[in-house]
Amino acid sequence: MLALTLSRHDFREYDQRIGFYTKEIGKIETIARGVKKIVSKNASALEPFALLEIELAPGRELTYITRAQTISFFKNVRDNFEKNLLGCYCLNLVNDAVQPGEKDDKIFDLLLNFLEDLDSVAEVNTKTAYDFILRFLGVLGFAPKVDKAAGPWVIPYAEYHLNRKVVDIVNFREKLYSFS
């Protein structure tokens, strides 16, 4: 099945818990056994910013990844710090807002198109993040009725409708660069 990696977290000594958004079943959380070992076949494929073909095997309590093959690799997003930051921000927003098992082809297509666009643009700005948040809210059914350009007003709007804190990417970037 087609999948985009949303998150990776350590689980036991050599395993990781990996969150995907798949075209067929929506968001799913899986376990990749032995992925932190040097000889792991799937380790490189399971990195963020890749379109994958994965195979899953159900376990007693968890679902396990048996195979992962990269279809498309968004190299420019991984290599560019600004694009990487923005990509992680948007993937985390989707990961936090969507529950496992919720399938929506529009969310998968939105994520895939966003990563393809982010990979191809020469320079990114915060308007890109605001546009993504607005489109994501529209897919969820919270499209605003106002007709104005995406801007900082999107953050409180998203917080209201998602019932959770949404980090303002502009303030986050400013804080990040203030440490240098």
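**Entry 1: ground rules**

I take helices (H or I, at least four residues) and strands (E, at least two) as DSSP runs, numbered from the N terminus. By that rule, Thr-70 sits in strand β5, residues 63-73. I am working on a predicted model, where local features need pLDDT of at least 70, side-chain atom pairs count only at pLDDT 80 or more, and totals for chains, interfaces and linings use all residues. Residues are numbered from 1 along each chain as its sequence is written, and side-chain values use heavy atoms, with hydrogens and water left out.

**Entry 2: Thr-70**

I looked up how open Thr-70 is. Buried means under 20% relative accessible area, exposed over 50%, and partly exposed in between (1.4 Å probe, protein chains only). Thr-70 counts as partly exposed because its relative accessibility is 35%.

Which residues does Thr-70 touch, not counting those up to four places away in sequence? I found Ala-45, Ala-50, Leu-51 and Leu-52. A contact here means heavy atoms within 4.5 Å. I also checked Thr-70 against Ile-54, which is 16 residues apart from it along the chain. Their C-alpha atoms are separated by 8.7 Å.

**Entry 3: strand β1 and its partners**

Next I followed β1. Two strands pair if DSSP finds at least two bridges between them. Strand β1 covers residues 2-11 and β4 covers residues 50-58. They run antiparallel, joined by 3 bridges. Ala-3 stands opposite Leu-52 of β4.

How many bridges join β1 to β2? I get 8, and these strands also run antiparallel. Strand β2 spans residues 15-22. Phe-11 has Asp-15 in β2 as its bridge partner. The hairpin of β1 and β2 has 3 residues between the strands. There, Arg-12 takes a positive phi near 65°.

I noted one general point to keep in mind for strands. In a regular strand, side chains alternate between the two faces of the sheet.

**Entry 4: helix α3**

I moved on to α3, residues 105-120. The helix has 16 residues and reaches 22 Å from its first C-alpha to its last. That is close to the 22 Å expected at 1.5 Å a residue. The expected span is 1.5 Å times one less than the number of residues.

What caps the N-terminal end of α3? Asp-104 does, with a side-chain oxygen 3.0 Å from the backbone nitrogen of Lys-106.

I then listed buried residues of α3, among them Ile-107, Leu-111, Leu-115 and Asp-119. What covers the buried residues includes β1, β2, β4, α1 (75-79), α2 (81-97) and α4 (126-140).

**Entry 5: salt bridges**

A salt bridge is a side-chain nitrogen of Lys or Arg within 4 Å of a carboxyl oxygen of Asp or Glu. I counted 7 by this rule.

Glu-47 and Arg-8 meet at 2.9 Å, N to O. The pair links distant parts of the chain, 39 residues apart. Glu-47 is in the loop between β3 (26-32) and β4, and Arg-8 is in strand β1. Glu-47 is partly exposed at 32% relative accessible area, and Arg-8 is partly exposed at 22%.

Lys-23 pairs with Asp-109, with the closest N and O atoms 3.2 Å apart. Lys-23 lies in the loop between β2 and β3 and Asp-109 in helix α3, so the pair ties together parts 86 residues apart in sequence. Lys-23 counts as partly exposed at 27%, and Asp-109 counts as partly exposed at 32%.

Asp-105 forms a salt bridge with Lys-103, with the closest N and O atoms 3.3 Å apart. Asp-105 is partly exposed at 33%, and Lys-103 is partly exposed at 45%.

**Entry 6: aromatic rings**

Rings of Phe, Tyr and Trp (its six-membered ring) pair if their centres lie within 6.5 Å. Planes under 30 degrees apart count as stacked, over 60 as edge-to-face, and the rest as tilted. I counted 3 aromatic pairs.

Why is the pair of Phe-114 and Phe-132 tilted? Their centres are 4.7 Å apart and their planes are at 45°, so the pair is tilted. Phe-114 lies in helix α3 and Phe-132 in helix α4, so this pair ties together parts 18 residues apart in sequence. Phe-114 counts as buried at 2%, and Phe-132 counts as buried at 0%.

Phe-132 and Phe-136 have ring centres 6.1 Å apart and planes at 5°, so they are stacked. Both lie in helix α4, 4 residues apart, about one turn of the helix. Phe-136 is buried, with 1% relative accessible area. Ring pairs link Phe-114, Phe-132 and Phe-136 into a cluster.

Methods:
A polar contact is a pair of N or O atoms within 3.5 Å; within protein, one must be able to donate a hydrogen and the other to accept it, and residues adjacent in sequence count only if both atoms are side-chain atoms.
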